Amino acid sequence: MSRPSIHNINGRSVLSVEQYYLFHYELPPVNSFDYNNCNGFIVYRSILHKELRGIGTGELSGIASETWHIAKEDFRTFFNDYAQKINQAVKKKCSITFKHYEVKPNKRKNKTFIQQSKYPYVKQEEVTKKVCEKEVKDFKFVSF
C-alpha cells in the first residue's frame, strides 16, 4: 500500500492518496474551516470525507486512520502545523467585538408613570379592580 503524500505545486499544497484515487487535491485555505481546537488527523479525515463521498463515515474513518499511520512523519507534522494555523484563523474569526453605544438622556420629562410604562394594561387593571369591587359589594348571598 502506498503512503499518502503532500507536495508543493506552484506554491500550493496538494494531497495525494493514490490507493483511493485522490490525486493532487489542493488543500483549502486555513480560514475556510470552522473547527475549534482541531488536530492534524481531524483535518486530514475531514478532507478525505469531503473528497471520498461515496464511502460511509465508519469506513472512511478506518481509511483515514490506516493511511495516517503508514504516512511518513513529515506528512503528519505538516497536517499538525496546518491544524494549528486553522485554530489560529478560527480564533481571529471568532474574536468578539462590542459596539459602543451612547447613553442619551430622556428628552421627555413630563410623561406620567403610566405613559412611560412598557405595560399599558396597568391602567386597565385599575379599572377592572374597581368593577370587581363593585360586583362584590352588589353580590347577595341566597340561602336555601
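Begin by selecting β2 (12-17) and α3 (73-93), each of which supplies at least two residues of the lining of the largest pocket; helices (H or I, at least four residues) and strands (E, at least two) are DSSP runs, numbered from the N terminus. This is a predicted model, in which local features need pLDDT of at least 70 and side-chain atom pairs count only at pLDDT 80 or more, while totals for chains, interfaces and linings use all residues. Residues are numbered from 1 along each chain as its sequence is written, and side-chain values use heavy atoms, with hydrogens and water left out.

Next, select Asn8, Gly11, Arg12, Ser13, Glu26, Leu27, Pro28, Pro29, Phe78 and Tyr82, which line the largest pocket. On a 1 Å grid over the protein atoms alone, a pocket is an open set of points where a 1.4 Å probe fits, with protein on both sides within 12 Å along at least five of seven lines, and lining residues have an atom within 4 Å of a point.

Now show the strands: three of them form an open sheet in the order β1-β2-β3, with antiparallel pairing, where two strands pair if DSSP finds at least two bridges between them. Select β1 (5-9) and β3 (22-26) to see the edge strands, each of which pairs on one side only.

Which strand does β2 join through three bridges? The partner is β3, and the two run antiparallel. To look at one such bridge, select Leu15 together with Tyr25, its bridge partner in β3.
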